[in-house]
Amino acid sequence: MKSVRLLGSDSPIKFSQGVEGLTVTIPSAHPNDIAPVFAIEVDETQQTAYESLQDAIHSLEDYVNYMREEASYINTGKLSTLYLPTIQEAILSAKTV
């Protein structure tokens, strides 16, 4: 999030964003009697968690393809493909999120 402000107020609003979502500290005094109304400005340059996950998946898929070409099951001093099935399972699991 880029900013959070309370409509009708010039006071700064405390907020934090984490894995669980956005947390806004509601001030005890607000400008109307019904309910506080917040304007939330999103920083569009930041990736969403979904976009970050997709980037990680694509990187792992690229790595698996590289491993298939460069490695062998026999220890020849090259990279080993022993863990490729485990990595592929993790990629498939991540794609279902």
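Guide: Happy to. Let us start on the inside of helix 1, where Q54, I57, V64 and M67 are buried; buried means under 20% relative accessible area, exposed over 50%, and partly exposed in between, with a 1.4 Å probe and protein chains only. Looking down the axis of helix 1, the buried residues fall within an arc of 145°, so they line one face of the helix; the arc is that of the directions from the helix axis to the C-beta atoms.

Before we go on, a word on what you are looking at. This is a predicted model, in which local features need pLDDT of at least 70 and side-chain atom pairs count only at pLDDT 80 or more, while totals for chains, interfaces and linings use all residues. Residues are numbered from 1 along each chain as its sequence is written, and side-chain values use heavy atoms, with hydrogens and water left out.

Now step around to the other side. The face of helix 1 turned away from its buried side carries the exposed residues D62 and E69. As for its length, helix 1 covers residues 49–70, which makes 22 residues. From first C-alpha to last it reaches 31 Å, close to the 32 Å expected at 1.5 Å a residue; the expected span is 1.5 Å times one less than the number of residues.

Where does helix 1 sit in the chain? From the N terminus on, the elements run β-β-β-β-α-α, with two helices and four strands in the chain. Here helices (H or I, at least four residues) and strands (E, at least two) are DSSP runs, numbered from the N terminus. Of the 97 residues of the chain, 12% count as buried.

What covers the buried residues of helix 1? The cover includes helix 2 (84–95), and in turn what covers the buried residues of helix 2 includes helix 1. Contact, in this tour, means heavy atoms within 4.5 Å. Leaving aside its neighbours within four places in sequence, I87 is in contact with L60, Y63 and V64, and V64 is one of the buried residues of helix 1. I87 itself counts as partly exposed because its relative accessibility is 22%.

In helix 2, L84, I91 and A94 are buried. Seen down the axis of helix 2, these buried residues fall within an arc of 90°, so they line one face of the helix. The face turned away from that buried side carries the exposed residues T86, E89 and L92. Helix 2 has twelve residues and reaches 17 Å from its first C-alpha to its last, close to the 16 Å expected at 1.5 Å a residue.

Finally, look at the loop between helix 1 and helix 2, where T81 is found. T81 is buried, with a relative accessible area of 4%. Computed along the sequence, T81 and R68 are 13 residues apart, yet they are 7.0 Å apart in space, C-alpha to C-alpha.
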